[in-house]
Amino acid sequence: QVQLVESGGGLVQAGGSLRLSCAVSGTDVSSFGVVWYRQTPGKTREWVALITRAGATNYIDSVKGRFTISRDNAENTVFLQMNSLKPEDTAVYYCNRVTPGSWGQGTQVTVSS
């Protein structure tokens, strides 16, 4: 059974950094693309960043230049490095396959102004 588990969230001041982890079990992380999403109460979950099987990356405009998605095949993990955080980045962050499976618990990111 393939599972993706998010971690690394926390409380940080505006301008700070966090690195989120998406640990994959049950298969090799390099066998599929991974998407990071985020959701705030009352809003639709939105995609934030993706990395394809081939390693190509893409980002929503609001995080370009601040967030970096990467993959470590040895650790079977996808990371989301978030720099220059803004209060509007506050959300629960989730990771999932490009073709989504079940959703995990997510990890809360809170950016104070």
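Okay, let's start with one tryptophan: W103 comes out as partly exposed, because its relative accessibility is 36%. For the wording, buried means under 20% relative accessible area, exposed means over 50%, and partly exposed is in between, with a 1.4 Å probe and protein chains only.

Before I go on, this is a predicted model, so local features need pLDDT of at least 70 and side-chain atom pairs count only at pLDDT 80 or more, while totals for chains, interfaces and linings use all residues. Residues are numbered from 1 along each chain as its sequence is written, and side-chain values use heavy atoms, with hydrogens and water left out.

Back to the rings. Rings of Phe, Tyr and Trp (its six-membered ring) pair if their centres lie within 6.5 Å; planes under 30 degrees apart are stacked, over 60 are edge-to-face, and the rest are tilted. That rule gives two aromatic pairs. One is Y37 with W103: the centres are 5.0 Å apart and the planes are at 75°, so we call it edge-to-face. Y37 sits in strand β4 and W103 in the loop between β9 and β10 (107-112), so this pair ties together parts 66 residues apart in sequence. Strands, by the way, are DSSP runs (E, at least two residues), numbered from the N terminus.

Then there's Y94 with W103, with centres 5.9 Å apart and planes at 85°, so that pair is edge-to-face too. Y37 counts as buried at 14% relative accessibility, and Y94 does at 11%. Put together, Y37, Y94 and W103 make one aromatic cluster.

A charge sits over a ring if NZ of Lys or CZ of Arg is within 6 Å of the ring centre and within 35 degrees of the ring normal.

Now, charges meeting charges. Side chains of opposite charge can pair when their charged atoms come close. A salt bridge here is a side-chain nitrogen of Lys or Arg within 4 Å of a carboxyl oxygen of Asp or Glu, and the structure holds four.

So which residue does R66 meet in a salt bridge? That's D89, at 2.7 Å from N to O. R66 is in the loop between β6 (57-59) and β7, and D89 is in the loop between β8 and β9, so the pair ties together parts 23 residues apart in sequence. Both R66 and D89 are buried, and D89 has a relative accessible area of 1%.

D89 also forms a salt bridge with R38, at 3.0 Å. That one links D89 to strand β4 (residues 34-39), where R38 sits, 51 residues apart. R38 in turn bridges to E46, with the closest N and O atoms 2.7 Å apart. R38 is buried at 7%, whereas E46 is partly exposed at 31%. Through shared partners, R38, E46, R66 and D89 join into one network.

Last stop, strand β8 (residues 77-82). Five of its six residues are buried, so it's largely enclosed by the rest of the structure. Strand β3 (residues 18-25) pairs with β8 in the antiparallel sense over six bridges; two strands pair if DSSP finds at least two bridges between them. Within that pairing, L20 has L80 as its bridge partner.

Strand β7 (residues 67-72) pairs with β8 as well, antiparallel over six bridges, with D72 opposite T77. β7 and β8 form a hairpin with four residues between them, and N76 in the turn has a positive phi of about 55°. And F79 has the charged end of R19 over its ring, 4.0 Å from the centre.
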